[in-house]
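Work through these exercises with the model open beside you. Try each task before you read its solution.

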Amino acid sequence: MLRKPLPVLIALLLSPTALANDVDLTIEGVKGSVKDNVDAYLSSIPEKDYDTSLRFQARVKRNIIEALSAVGYYHPTFTFEVSPEGDELIVIVDRGHSIRLTEVDIQITGEAKDDPDFIALIKNSGLKKGERLNHSLYDGLKSKIRNLALQKGYFEGDYTLSRLEVAPGVRKAFVRLHFDSGIRYHFGASTITGSQIKLERVQSLSPYEEGDEYLVSQVGEYNQNLSNTDWFSSVFVEPDLSKLGEGRELPMKISLAPQARNKLETGLGYSTDVGVRGSLKWKKPWVNDRGHSFDSSISLSKPEQTITAGYRIPLDDVLKDYYRIQYGMKNLDNRDTKSLESNLAVERHWILDNGWHRTVFVRYLIENYEQGLQDDTAQFVLPGISFSRSRIRGGSMPMWGDRQSFTLEYGDPSVFSETRVARFQGGMTWIRSAGKNHRGLFRIDGGANVAEEFEKLSPSLRFFAGGDNNLRGYGFESISPRDESNALTGAKYMVTTSLEYQYRVYGDWWGALFYDYGDAFNESPEFKRGTGFGVRWASPVGPIRLDFAWGLDEDPDKRFKVHFTLGPEL
């Protein structure tokens, strides 16, 4: 038998490759935040390196010592045990006595001495006399003081003393942080370069005035405001730090580059309601140096073709107040309705501080149509008001969101309308979630026409129900009253609701169960029910929905429908 020398045997025993694979590491004797810190330090060791060798035990010991000293335990002791099967290394830790903060000397001098934000920061730092030493709290406060100084314009602030002293032998620690903020700078005059828009329009977007105390959040807000106008391809707002020490007011530099004068966008979509839909959008983000803009679009599908054009005139509050003049034409050939409608609207828009978008408008509608037994031309002048709001948290399939919209219009025969009519349309949608894998969606939509002579309303003013985003299990706009020829004529009233539950199956794929309920009617409703299941995919181009639906009150031979849509839920 060939015998190996003793040193070789010892080397083999200490070699990880000679020991059992798939070794588990168990840490005992620590818990709570201390254990979390130990786990964080041990996570730097790959699990493939786990074994029971003395070399690995020393490596684990070093990491645990670093983790414990970071939270104030400088004298731990260790006991290592290996399970009888050799597949588990157990480390029993005795943390020993902790190091306590004996002195906490934090001083802010300069103009930030009485700044409430600095006072609150120190108060909530967790560094208090008698508390256990935590290095991360010290490092965190030191960094936060400096960051806060930069955020509030104390650009010349610096530490005159920053020291953490530890005396492990007597279990004491001493914190000394002395920060001299210097003066707080104010916003100075702005220099704007590269703008094709009048300077007073650019300056009107600034959230601060010259002479105001500096705040980096307002610099970011100004940057965002300029970007949101879509006038510029690049925006950069910054203080001119080369002027530090030359006075309290710090000049601001605004560097801009014009957006392209023309932007084109094409789109292609599909839904079972209208089939393949193509679109072309042309936009002029800025028409002149006042920041006016123009946009137009063409949308084509088998049942309807639309063209729109709009001209926007911003007012003093460029982003929140503006006029819009819009023209639209739509040709519709769907089921029992053929129509050619034209809309010309003048609108006044306000985006309110609470997030609501308010619009006051007047629109002129002229529509040539054939619907059932009717063949006519109608015109209406409809002044109105609308409110809308949309809030979303998350990506293309948000885990929280809601949408509300309400519109009220009125037409009178004394002002070029076929009949006196008051119209209301409204809708609300809520998305809520429980954890990461459960989503719920509830939607309710409704409308009402209160007209002296309903038969004089043109088809675009009447209501229909059924389809992908309405009552699933029924054909697109297949629900409404019918005339003597059994043709769909549209309704005075409409109300639909939808309740949907979604469960994340894997990654961006979801399963869905839904129940829809509603009707479009003239006098009394005969509510229709639809139910089914579907698949949702948060694709890179937007949410894709595939639904298998049954219209429970539809004729048996038409009861099953497949609905496919690409587009947002809100």
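**Exercise 1.** Start with the exposed side of a helix. Which exposed residues does the face of α2 turned away from its buried side carry? Then find the buried residues of α2 and what they pack against.

*Solution.* Keep in mind that this is a predicted model.

Step 1. The face turned away from the buried side of α2 carries Ser33 and Asp36, both exposed.

Step 2. Helix α2 spans residues 32-42, and its buried residues are Val34, Asn37, Val38 and Leu42.

Step 3. The buried residues of α2 pack against β1 (24-28) and α3 (54-70).

**Exercise 2.** Classify the aromatic pair of Tyr208 and Tyr222. Are the two residues buried or exposed?

*Solution.* 

Step 1. A search of the whole structure gives 20 aromatic pairs. Tyr208 and Tyr222 form an aromatic pair with centres 5.8 Å apart and 85° between the planes.

Step 2. Planes over 60 degrees apart count as edge-to-face, so the pair of Tyr208 and Tyr222 is edge-to-face.

Step 3. Tyr208 lies in the loop between α6 (199-203) and α7 (216-228), and Tyr222 lies in helix α7, so the pair ties together parts that are 14 residues apart in sequence.

Step 4. Buried means under 20% relative accessible area. Tyr208 has 5%, so Tyr208 is buried. Tyr222 has 1%, so Tyr222 is buried.

Step 5. Tyr208 and Tyr222 also belong to one aromatic cluster, with Phe155, Tyr185, Phe187 and Tyr214.

**Exercise 3.** Now classify the pair of Tyr517 and Phe527. Where in the chain does each residue lie?

*Solution.* 

Step 1. The ring centres of Tyr517 and Phe527 are 4.9 Å apart, with the planes at 25°.

Step 2. Planes under 30 degrees apart count as stacked, so the pair of Tyr517 and Phe527 is stacked.

Step 3. Tyr517 is in strand β22 (residues 509-521). Phe527 is in the loop between β22 and β23 (528-539). The pair links distant parts of the chain, ten residues apart.

Step 4. Tyr517 has 33% relative accessibility and counts as partly exposed. Phe527 has 33% relative accessibility and counts as partly exposed.

**Exercise 4.** Which ring does the charged end of Arg393 sit over? Do the task again for Arg348.

*Solution.* 

Step 1. The charged end of Arg393 sits over the ring of Trp400, 4.0 Å from its centre.

Step 2. Arg348 lies over the face of Tyr323, at 5.5 Å from the ring centre.

Terms used. Residues numbered from 1 in each chain as written. Predicted model: local features only at pLDDT ≥ 70, side-chain atom pairs only at ≥ 80, totals over all residues. Heavy atoms only, no water. Buried < 20%, exposed > 50% of the residue type's maximum accessible area, 1.4 Å probe, protein only. Helix = DSSP H or I, 4+ residues; strand = E, 2+ residues; numbered from the N terminus. Contact = heavy atoms within 4.5 Å. Phe/Tyr/Trp six-rings, centres within 6.5 Å; stacked < 30°, edge-to-face > 60°. Lys NZ or Arg CZ within 6 Å of the ring centre and 35° of its normal.
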